[in-house]
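Take the chain as a whole before going to single residues. The paragraphs below go from overall contacts to the sheet, the core and some individual side chains.

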Amino acid sequence: MDFLFEIFVGKPLWLWLMFLGIVIALMAFDLGVLHKDDHELGVAESLKLSAFYIFIAILFGGYIWWAWQNGTLVTSDGTNPVASYFQGYIIEKVLSIDNVFVISLIFGYFAIPRKYQYRALVWGIIGVIILRGIMIAVGAELISNYAWVTLVFAAFLALTEADIQPWLDKRKPGQNKFTTQRKEPDEVRILSGVFQGNTTGTPIQLMIENTDQRSKDYGDIAGAFRPGHADITYHQKYGIRDYRGGGRSSARETASRVAAGGVARAALAALVPGLRITGYMVQMGVKGIDRSRFDAGEIERNPFWVPDAVAAVEWAEYLDALRLSHNSVGAVIEVVAEGVPPGLGAPLYGKLDSDLASAMMSINAVKGVEIGEGMASAALTGVENADEIRMGSGGPEFLSNHAGGILGGISTGQPVVCRFAVKPTSSILTPRQTITQGGQDTDLITKGRHDPCVGIRAVPVGEAMMACVILDHLLLDRGQTGGVRGRIG
């Protein structure tokens, strides 16, 4: 009954009208043209013709059902009906559109009376060509439905600029003396992909305008390379560079990441309501936090997003001194995702931690990434590093989290913990030795408005990348396993 329900319910009327029209047209052609001189068909011929039409109907209807259902690889409950390679092979090879028509033609040729086979073959080939053209047109509609179904969560996702703007406000410059004094409102506008407050399933296009750029500030570096910056590598690779801010090597690029992260968070809120992503600084230069004073409520009470009230005061004095001495400093940011379901990720090339590392390393100025204990795990013994497990009322419970919520590339259900190191800002007012584009030695001072610690504004960027990666893996897992999990207990 479920199979019949899937075949006959929920399909558009035009699809069935077209299907029935083709079958009726074939019957009318056969009876009106091929058998117009026959006053009566024999029982055998009638049975053959009936079987032929039934076969065509089942085969063609089955193909339409498959194209609608399995062509999208996702059913209404998010599962994948192609449960094995064998099934997938049969669907892909045996039930291909061309094979359907060829098999139908051959079957029809031998099904009808012999004296009409030649004419049936000729008209059958013509019919196949006509039907092929019809199916090409149908295919365009099926493809559009494929895009809609695979993005079914996004096609009805409530989304407005207000869902994205708060995250951009965390990153935008000029909010205090410890960041660049460039004044950018970073107001996001949704240009497409959203209608009446809901996503449509088409690509979402966002725009953030630059309103306070000063290209003249970069005039002195037009012919020289900033030490520690990507100026020289861009020139070596492309033979040309946009010195007016650095182009894609500028941290200004990260505004787009935060905007995308806002969309990802909206999707995650709908798919995994209990998931929460929090980023904060754990180190600035040589100064780290005291984890015994860790207070999550303190993160948004200071300009450094640091969960340690005492450290916030010390860091303010430390960074102020560096800023006034025309210097900059690096930082370490920690991002934690709580409520991540177990089972996200893959054992080898699609590891959750490798994708997280790649995402964090792609952020401008990031020079190192670690998951869980990271580099510190090298100093642990096996006894210390193993996260012991006990059975709790709601399932397995880990007694520690040295793994950072990921084992073998797959999430454990514990908080996913990721840290990344951000280098000091390269653009500083202290003279540094470098060379010009012509190869001459020179000393360079970089003027303009730059962050004394770019790690401060990297916190919301790291959160955004965490959101994007987790959403990617959540959707990949739904397509791979359909959410099926191994049972424990």
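Of the contacts in the chain with a separation of 6 or more, 70% are between residues 24 or more positions apart; a contact here means heavy atoms within 4.5 Å. The chain has 489 residues, and 41% of them are buried. Buried stands for under 20% relative accessible area, exposed for over 50%, and partly exposed for values in between, with a 1.4 Å probe and protein chains only. There are 14 helices and 15 strands, taken as DSSP runs (H or I over at least four residues for helices, E over at least two for strands) and numbered from the N terminus.

The model is predicted, so local features need pLDDT of at least 70 and side-chain atom pairs count only at pLDDT 80 or more, while totals for chains, interfaces and linings use all residues. Residues are numbered from 1 along each chain as its sequence is written, and side-chain values use heavy atoms, with hydrogens and water left out. The mean pLDDT (the predictor's confidence in each residue, from 0 to 100) is 76, and 64% of the residues reach 70 or more. Residues 1–11 have pLDDT below 50, and this stretch makes 11 contacts in the model beyond near neighbours in sequence. Residues 131–153 also stay under 50, with 31 contacts beyond four places in sequence. Where pLDDT is low, the predicted coordinates should not be read in detail.

An open sheet of five strands has the order 6-5-7-13-8, with antiparallel pairing; two strands pair if DSSP finds at least two bridges between them. Strand 6 (287–288) and strand 8 (366–371) each have a single partner strand and stand at the edges, so one side of each has no neighbour in the sheet. Strand 6 is joined by two bridges to strand 5 (residues 276–284), and the two run antiparallel. In this pair M284 stands opposite K287. Helix 12 (residues 352–361) packs on the sheet, where it touches strand 8 and strand 13 (416–422). The direction of helix 12 makes about 155° with that of strand 8, with axes fitted as lines to C-alpha atoms (for helices over the stretch in contact) and angles running from 0 to 180 degrees between N-to-C directions.

Strand 13 carries R419, which counts as buried because its relative accessibility is 12%. The side chains of R419 and E370 are joined by a polar contact of 2.8 Å. A polar contact is a pair of N or O atoms within 3.5 Å; within protein, one must be able to donate a hydrogen and the other to accept it, and residues adjacent in sequence count only if both atoms are side-chain atoms.

I333 belongs to the largest nonpolar core, which has 67 residues. Such a core is a set of buried Ala, Val, Leu, Ile, Met, Phe, Trp, Tyr and Cys residues joined through side-chain atoms within 4.5 Å. With I333, the residues with the most contacts inside this core are M281, F304, L356, F420 and M466. Helix 14 (residues 455–481) gives the core its largest share, 11 residues.

Helix 14 also holds D477, which is buried because its relative accessible area is 6%. Beyond four places in sequence, D477 touches G343, L344, G482, G483 and R485. Helix 14 is packed against by the buried residues of helix 8, as are strand 1 (188–192), strand 4 (205–208) and helix 10 (254–271). Those buried residues of helix 8 (residues 161–171) are I164, Q165, L168, K170 and R171.

Q196, in the loop between strand 2 (194–195) and strand 3 (198–199), has a positive phi near 55° and is exposed at 68%.
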